[in-house]
Amino acid sequence: MYSATRPTGSSTNIATGIVVAATIAIAATAHAQAKPPAGDAIKGNGHYADVNGIKLYYEIHGSGKPLVLLHGGLGAIEMFGPNLPALAKGRQVIAVDLQGHGRTADIDRPLSIPLMADDIAALITHLGLQRSDVMGYSLGGGVALQTAIRHPEVVDRLVLVSTPFRRNGFYPDILAQQGQVTAAAAEAMKQTPMYQMYSALAPRPQDWGRLLGKIGEAMKEDFDLTNGIKGIKATTLVVAGDADIFPPAHAVEMFGLLGGGQRDGGWDGSGRPKSRLAILPGLTHYTIGSDPALAATAIAFLDDAATSR
């Protein structure tokens, strides 16, 4: 999920497994509680919102129609790189550090995608917004997807980037690597860019091993959001790399569940589905989050009047 240089050797397999784990963190159990940071964040545009018993860190960039932006697992707001300011040129980006990530301290509850989705819905309400566009990458995509399923009233348009919706959609080798992720991997993972970001931002860097343990436990849980996707009302853009951690066919299947790929669009475009699909060439799960092609694709979707309610 982190787009910087990847580790080599056995650390590569461990890192890849953790990336996947963060994507599908569904129902891990937390046993210790980290004390949340108090007050506002260091950055002038950074704040904490008290929602659902967690002090959720968020930043506001730009102005205009709101877009909640959610990072990938073991990352933070910064992992979007140049894509964040690009998105903020035409809208108000509300970028969030999810539970246990970045500047948001972990709390004594499962590191669960549905619970994090509840956090995002509560944040949108906390900010006094009737609804917001929501864009998530990997783990953040899972949270965005669950927000649209569980809280459709707060989501306008939805952008899902490199987001699996069914556990068996992953390549088999990725599934095999997930078993390597445990708290015992914490020391080895300190050589990775993910830990470097975590240790620089986290209120409690010593919780690194706990985070890995919770994500490792979450990987054991199966999931299939097929039925939930069929009921999504939000106009949705599905984005994946052509060398992602699941085959392009998985993204196409999600697009189909949203009503796409059923008929010809017609000369005048009247037959186009309301949702959209983008397979970005030459991008992997590890590069797509910060590649400029992502912002360009998302902006075209968000600025298209045809995708608005």
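What follows is a set of questions about labels, with the values behind them.

Analyst: This is a predicted model, in which local features need pLDDT of at least 70 and side-chain atom pairs count only at pLDDT 80 or more, while totals for chains, interfaces and linings use all residues. Residues are numbered from 1 along each chain as its sequence is written, and side-chain values use heavy atoms, with hydrogens and water left out.

User: Why is the pair of Tyr195 and Trp208 called edge-to-face?

Analyst: Rings of Phe, Tyr and Trp (its six-membered ring) pair if their centres lie within 6.5 Å; planes under 30 degrees apart count as stacked, over 60 as edge-to-face and the rest as tilted. The ring centres of Tyr195 and Trp208 are 5.1 Å apart and the planes stand at 65°, so this pair is edge-to-face.

User: What makes this pair a tie between parts of the chain?

Analyst: Tyr195 belongs to helix α6 (residues 193-201) and Trp208 to helix α7 (residues 208-218), so the pair ties together parts that are 13 residues apart in sequence. Helices here are DSSP runs of H or I with at least four residues, strands are runs of E with at least two, and both are numbered from the N terminus. Tyr195 and Trp208 also form one aromatic cluster with Tyr198.

User: Are Tyr195 and Trp208 buried or exposed?

Analyst: Buried means under 20% relative accessible area, exposed over 50% and partly exposed in between (1.4 Å probe, protein chains only). Tyr195 has 16% relative accessibility, so Tyr195 counts as buried. Trp208 has a relative accessible area of 1%, and therefore is buried.

User: Why is His151 called buried, and where is it found?

Analyst: The relative accessible area of His151 is 18%, so this residue is buried. His151 is found in the loop between α4 (139-150) and β6 (155-161).

User: What makes a polar contact for the side chain of His151?

Analyst: A polar contact is a pair of N or O atoms within 3.5 Å; within protein, one must be able to donate a hydrogen and the other to accept it, and residues adjacent in sequence count only if both atoms are side-chain atoms. The side chains of His151 and Asp118 make such a contact at 2.7 Å.

User: Which residues have the most contacts inside the largest nonpolar core?

Analyst: They are Leu70, Val96, Ile120, Leu158, Trp208 and Ile229, in a core of 58 residues. A nonpolar core is a set of buried Ala, Val, Leu, Ile, Met, Phe, Trp, Tyr and Cys residues joined through side-chain atoms within 4.5 Å. Helix α3 (residues 113-126) gives the most to this core, with seven residues.
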